Amino acid sequence: MTFRIGQGFDVHAFTDGDHVMLGGVRVDHDRGVDAHSDGDVVLHALCDAMLGALALGDIGRHFPPSDARWKDADSRTLLRHCDRLLRERGWRVGNADVTVICERPKVGPHAEAMREGIATDLGIGVDDVSVKATTSERLGFTGRGEGIAAQAVCLLVRS
């Protein structure tokens, strides 16, 4: 097989704070997220998609919240680790597509910086990374402003 597809999903509840991390970018917000690491739903969903494409389990298996090493960890470190796992097995990300689901904060003004950082960390072109957002039309936990979610899909190709 010359390609594999993976999908990922992550969610975090809002809590006290003044920013959220999204795609490796600090985004000012009137809330933070409840998480063991930095709670970056974009990168967590992408890591899950990458790991899932090769049936390597999920992000919790590789970076368990019970392990103090990952307390407040920068999720870009997690992303680069997942990329190394793929490359050690002869694969790389061909492209990735991430959707953030929230009412706030606004993702659009930060999407390009997220794309650039993800592309850099994965050693791929910025044109191979898509980051976009949608609301849930004020329905459910994201609509009520209780949390934030992201879903990701990626295509892996033989390196």
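**Before you select anything**

Residues are numbered from 1 along each chain as its sequence is written, and side-chain values use heavy atoms, with hydrogens and water left out. As the model is predicted, local features need pLDDT of at least 70 and side-chain atom pairs count only at pLDDT 80 or more, while totals for chains, interfaces and linings use all residues.

**Residues 3–156**

Select 3–156. The UniProt annotation, from an unreviewed entry, reads "domain: 2-C-methyl-D-erythritol 2,4-cyclodiphosphate synthase" for this range. UniProt positions are given in the numbering used here, feature names are shortened, and annotations may be inferred rather than shown by experiment. Over residues 3–156 the chain is 31% helix and 32% strand. The end C-alpha atoms of that stretch are 5 Å apart. Helices (H or I, at least four residues) and strands (E, at least two) are DSSP runs, numbered from the N terminus.

**The sheet**

Now show the strands. Five of them form an open sheet in the order β4-β1-β7-β5-β6, with mixed pairing. Two strands pair if DSSP finds at least two bridges between them. The edges are β4 (32–33) and β6 (129–134), each pairing on one side only.

Walk across from β4. β1 and β4 are antiparallel and share two bridges. Pick T15; G32 in β4 stands opposite. Next, β1 and β7 run antiparallel, joined by eleven bridges. Here F9 faces Q151 of β7. Then take β7 (residues 147–158) with β5 (residues 91–101): this pair is antiparallel too, over ten bridges. I101 has A149 of β7 as its bridge partner.

**The hairpin**

Strand β2 (residues 19–22) runs antiparallel to strand β3 (residues 25–28), with four bridges between them. L22 is opposite V25 in β3. The two strands form a hairpin with two residues between them. In the turn, G23 has a positive phi of about 60°.

**Helices on the sheet**

Bring the helices back. α1 lies across β1 (3–15), β5 and β7, and runs at about 150° to β1. α4 also packs on the sheet: α4 touches β5 and β6, and its direction makes about 145° with that of β6. Contact means heavy atoms within 4.5 Å. Axes are lines fitted to C-alpha atoms, for helices over the stretch in contact, and angles run from 0 to 180 degrees between N-to-C directions.

**α1 against α3**

Select helix α1 (residues 41–53) together with α3. They pack at an angle of about 10°, with axes 9 Å apart. That angle makes α1 roughly parallel to α3. Angles under 35 degrees count as roughly parallel, over 145 as roughly antiparallel, 65 to 115 as roughly perpendicular and the rest as oblique. Show side chains: L43, H44, L46, C47, M50 and L51 come from α1, and S75, R76, L78, L79, C82, D83, L85 and L86 from α3. By class, this contact has ten nonpolar, two polar and two charged residues. Ala, Val, Leu, Ile, Met, Phe, Trp, Tyr, Cys and Pro count as nonpolar, Asp, Glu, Lys and Arg as charged, and the others, Gly among them, as polar.

**α3 against α4**

R76, L79, R80, D83 and R87 of α3 meet G117, I118, D121 and L122 of α4. This contact divides into three nonpolar, one polar and five charged residues.

**Two loop stops**

Which residues does a cis peptide bond join? Zoom to R104 and P105; omega there is about 5°. P105 sits in the loop between β5 and α4.

Last, pick D72. Its phi is near 60°, a positive value in a residue other than glycine. D72 lies in the loop between α2 (59–62) and α3.
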